[in-house]
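Me: I've just opened this one and could use a quick tour. Can we go through it together?

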Amino acid sequence: MPNMVVCVKQIADPEAPAGSFKVDEAAKKVVAGAGVSQVVSPFDEQAVEAALRVKDAHGGKISVLSLGKDFVMDVIRKPLAMGADELILLQDPAFEGADSRSTAYALAMAIKKIGEYDLIFCGRQAADWDVGQVGLGIAEFLGIPSVTVAQKVEMVDGKVRLERVVADGYEVIEVSTPVLITVSNELGEPRYPKLKGIMAAARKEVPTWTAQDIGAETSQLGAAGARTKLVKLFAPVKEAKCEIIEGESPEEAAANLALKLREAKLV
Ligand SMILES: Cc1cc2nc3c(=O)[nH]c(=O)nc-3n(C[C@H](O)[C@H](O)[C@H](O)COP(=O)(O)OP(=O)(O)OC[C@H]3O[C@@H](n4cnc5c(N)ncnc54)[C@H](O)[C@@H]3O)c2cc1C
């Protein structure tokens, strides 16, 4: 029976109207308005669903890991309510200022602490920053293969068979365990938690692991372990102008329009 780990990130609801987010250029941060709720990143719910489908077919254990701060417990418990077995939070000031590399390092160290793992699932990208690197970074730190953008994951004769999304179709890949898989939205709708699952999830104890708990070197964590630097963060200024092109007749208006377009080098 496979041991599975799913990495899920809590983010500000990406479906909230764009106007409810502000860019703080000085702090280089995106600030979500007070009315924006927190959610589990949607691709990560699909990663949980992929693990649950393997569990439905073969049994096994699903551990969910989330690294961050200001967790909203009713939100981050959702994978438990869907059917995952345990949830572990990674929270420590040492994780602050992380980039993809230091996020991947911390998650990989936590997975090592979990110990036994056959399948590790991530979303294809987090739906806030959309970087799409953390999963691959975890695989690199653990020294295991990875397969990206899976739309179907099955275990056949002890191996993992995946459908991987490509332009206009999919390819079928077979890989041995342990493997890290990033899951795409083509997998289909994640299941809704049932009342029984929600109640059971609310009762489960959720441990929080610090940098020390996962045996991480602080020089590899957060800002200290980051290898990328965010130089500038800004919202593009969009300008729209409307000019009415006139003429004595429709033909003249059309000719004037053509001249304008040529002046603007658009035709
Ligand atoms: C504690 C913390 C502090 C940060 N501080 C800063 C900062 O100061 N400045 C700044 O610019 N950015 C900051 N970030 C954002 C960080 O740079 C990005 O989260 C990182 O580069 C990864 O990009 P992404 O979130 O798009 O993940 P992707 O690479 O798109 O994520 C792919 C998949 O990896 C998994 N994953 C990603 N992140 C997590 C997570 N946190 N927990 C569990 N699974 C995860 C999910 O399965 C996800 O679908 C911070 C992030 C964290 C977690």
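Me: Which domains does the domain assignment give for the chain?
Reply: There are domain 1 (3-225) and domain 2 (237-267). Keep in mind that this is a predicted model.

Me: And what separates the centres of domain 1 and domain 2?
Reply: Taken over C-alpha atoms, the two centres are 51 Å apart.

Me: What radius of gyration does the chain have, against a compact globule of 267 residues?
Reply: The chain has 23 Å, while a compact globule with that number of residues would be near 18 Å. The C-alpha trace spans about 80 × 45 × 40 Å along its principal axes.

Me: OK, switching to the fold. How many helices and strands are there?
Reply: Eight helices and 13 strands. Of the contacts between residues at least 6 apart in sequence, 72% join residues at least 24 apart.

Me: How much of the chain counts as buried?
Reply: 35% of the 267 residues.

Me: Let's pick a helix. Which residues of H4 are buried?
Reply: The buried ones are Ser 102, Thr 103, Ala 104, Tyr 105, Ala 106, Leu 107, Ala 108, Met 109, Ala 110 and Ile 111.

Me: What span should helix H4 have, and how far apart are its end C-alpha atoms?
Reply: H4 covers residues 100-114, so its 15 residues at 1.5 Å a residue should span 21 Å. Its end C-alpha atoms are 21 Å apart, which agrees.

Me: What follows H4?
Reply: Gly 115 does, and its phi is positive, near 100°.

Technical notes: Residues numbered from 1 in each chain as written. Predicted model: local features only at pLDDT ≥ 70, side-chain atom pairs only at ≥ 80, totals over all residues. Helix = DSSP H or I, 4+ residues; strand = E, 2+ residues; numbered from the N terminus. Rg over C-alpha atoms; globule rule 2.2 N^0.38 Å. Buried ≥ 20, exposed ≤ 12 C-beta atoms within 10 Å, placed from the backbone. Contact = placed C-beta atoms within 7 Å. Domains from an automatic or database assignment. Expected span 1.5 Å × (residues − 1).
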